[in-house]
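Dear colleague,

I am handing over a structure for your study. Please look at it first and then read the notes that follow.

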Amino acid sequence: MARPPAERAALLPAIAEVFREHGYEGASLALIGAATGLGRGSLYHFFPRGKEEMAEAALAGIDSWFEREVYAPLRDAEAPDEAIAAMFDSVDAYFRTGRRACLVGVLALGDARDRFAEAIRSYFVRWVAALEGALVRAGRAPDEA
């Protein structure tokens, strides 16, 4: 039998996949436990506020990845056209060429959207702002960017 992860961060990829596949409403503790190999008590040890805290942590992990791999390169690149092309490659790889659902989108379209509204809004606002800045630096008119 595989040994369960000893760190909270190690649980997040499996938890995020459960939310991607089942949405917030359908992601039961039984499904999350099966995906992580942990029982309810262990899940609550890592996430005392339960499922909501798990979703928040999964969103925070996604946010960190997008900040590092998409937003910062778009904002900071000396060659914005290359950064825009790299954005498409990174996002394509992240979503496994369309075979992986967007957790932010799943939460935005589900009944729990209000619960995660600020994280969802921030994700899209920062992406749009970073891309707009790169497009302007690449020579596009601000109203077109």
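The charged end of K51 lies over the ring of Y24, at 4.5 Å from the ring centre. Here, a charge sits over a ring if NZ of Lys or CZ of Arg is within 6 Å of the ring centre and within 35 degrees of the ring normal. R100 likewise places its charged end over the ring of Y94, 4.6 Å from the centre.

Please note that this is a predicted model, in which local features need pLDDT of at least 70 and side-chain atom pairs count only at pLDDT 80 or more, while totals for chains, interfaces and linings use all residues. Residues are numbered from 1 along each chain as its sequence is written, and side-chain values use heavy atoms, leaving out hydrogens and water.

Rings of Phe, Tyr and Trp (its six-membered ring) pair if their centres lie within 6.5 Å; planes under 30 degrees apart are stacked, over 60 edge-to-face, and the rest tilted. This rule gives 14 aromatic pairs. One of them, W65 with F66, is edge-to-face, with 4.9 Å between centres and 75 degrees between planes.

How is the pair of F66 and F95 arranged? Its ring centres are 6.3 Å apart and its planes stand at 45 degrees, so the pair is tilted. Both F66 and F95 are buried (under 20% relative accessible area; exposed is over 50%, partly exposed in between; 1.4 Å probe, protein chains only). Ring pairs also link W65, F66, Y71, Y94, F95, Y123, F124 and W127 into a cluster.

Yours sincerely
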